[in-house]
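Biologist: I am new to this structure and would like to go through it with you. Could you put it on the screen?
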Amino acid sequence: MRINTLFYCIWQGIRNIFKNKWFTLASVATISACLFLFGIVYSVLINFQYVVKNAQQGVCVSALLNGDLSEERIQEIAGMISRRTEVSESVYVTAEETWIQFAEDMKFGDISFYTENPLEECGHFDIYMEDVSMQPELVTYLESIDGIWKVNQSALTAQTLTGVNAIISYVSVGIVIILFFVSIFLISNTVTIGISVRKEEIQIMKYIGATDFFTRAPFVIEGMIIGFIGSLIPLAAVYFIYNEAMMYVAGRFPFLSQLLEFLPVQMVFTFLMPVCIGIGVGIGFIGSFTTVRKHLSV
């Protein structure tokens, strides 16, 4: 009997969606509009953060080594650097490699006639960081290592990127929170109004002896289905617009796509999809559940 009742409530919830077409359309449209705006803003902000993070990882700290270090000591220093939590990658460049690269950059041509390497003291580690804001701590640590005679850093670049990343993070969190609560408010009100106008239907069901569960369940299921449908529409729209925008930028501004790397749509939707569906279904459930409860006492 309980299973039959459950299936009956589910069927009634689905039936109510088609029975109350205007309410369904209004609710779906409201949910879709709010979540579409939420999805667009989130996609833009997460890409800004991704671009800044990539720029941070390109910032390099160079630790220049003494020319008389043994291979064992160099390997020991390499291990000390790689164990640092802020280090994402450490590349050892020999003095010979440094000299060859310098000669190529300066267009010296054939350097075989040089009997000595003028950059003998320039064997070094190029160190890249996970978080550029931790550069001062890393530089202090490197300067304390015996065998490193100089550390070159980009202090101004690190400070600029750190500041930009902080601003984007604060703005992102603020906008997302505002849109989140605005979406909840609008969606909840729409669902509440739609069910409130059917309070007589709820009261009649109570008068003829229906239990609270039997009365509430069809409306809750209806709200959840509407929320689910309303979340799928903006997700599909954002997915299409995001892909088209990336293709347009790549085709129209190829130089820009080479400078800026955007997040793949799959990575964006890893967070966006469950959040949008959760908001839509959750608000549909909470809005219908709380609204019906107000009319259960007759």
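Biologist: Which helix gives the largest share of the lining of the largest pocket?
Modeller: Helix 2 does, with 7 residues. Please note that this is a predicted model, in which local features need pLDDT of at least 70 and side-chain atom pairs count only at pLDDT 80 or more, while totals for chains, interfaces and linings use all residues. Residues are numbered from 1 along each chain as its sequence is written, and side-chain values use heavy atoms, with hydrogens and water left out.

Biologist: What counts as a pocket, and what as a helix?
Modeller: On a 1 Å grid over the protein atoms alone, a pocket is an open set of points where a 1.4 Å probe fits, with protein on both sides within 12 Å along at least five of seven lines; lining residues have an atom within 4 Å of a point. Helices (H or I, at least four residues) and strands (E, at least two) are DSSP runs, numbered from the N terminus.

Biologist: How many residues line the largest pocket, and which lie nearest its centre?
Modeller: The lining has 16 residues, and Ser43, Val44, Asn47, Tyr242 and Phe262 lie nearest the centre. Helix 2 (21-57) and helix 8 (212-252) are the elements that give two or more residues to this lining.

Biologist: What is the volume of that pocket?
Modeller: The volume is about 350 Å³, taken as the space filled by probe spheres set on the points, which are joined across faces, edges and corners.

Biologist: Changing topic, how many helices and strands are there in the chain?
Modeller: The protein chain has 10 helices and 4 strands. From the N terminus on, their order is α-α-β-α-β-α-β-α-β-α-α-α-α-α.

Biologist: Which residues have the most contacts inside the largest nonpolar core?
Modeller: They are Ile226, Val268, Phe269, Leu272 and Cys276, in a core of 23 residues. Such a core is a set of buried Ala, Val, Leu, Ile, Met, Phe, Trp, Tyr and Cys residues joined through side-chain atoms within 4.5 Å. Buried means under 20% relative accessible area, with exposed over 50% and partly exposed in between (1.4 Å probe, protein chains only). Helix 2, helix 8 and helix 10 (265-294) each give two or more residues to this core, and helix 2 gives the most, with 9.

Biologist: And what does Ile226 touch?
Modeller: Not counting residues up to four places away in sequence, Ile226 touches Ile17, Phe23, Thr24, Ser27, Val28 and Ile31; contact means heavy atoms within 4.5 Å. Apart from this core lies another of 21 residues, among them Leu65, Leu69, Val151 and Leu161.

Biologist: Is Ser231 buried or exposed?
Modeller: Ser231, in helix 8, is buried, with a relative accessible area of 0%. A polar atom of the Ser231 side chain lies 2.7 Å from the backbone oxygen of Phe228. Leaving aside neighbours within four places in sequence, Ser231 is in contact with Ile31, Leu35, Cys276 and Ile277.

Biologist: Now the strands: where is Ser62, and which side chain makes a polar contact with its own?
Modeller: Ser62 is in strand 1 (residues 60-65), and its side chain makes a polar contact with that of Asp126 at 3.1 Å. A polar contact is a pair of N or O atoms within 3.5 Å; within protein, one must be able to donate a hydrogen and the other to accept it, and residues adjacent in sequence count only if both atoms are side-chain atoms. Ser62 counts as buried, at 15% relative accessibility.
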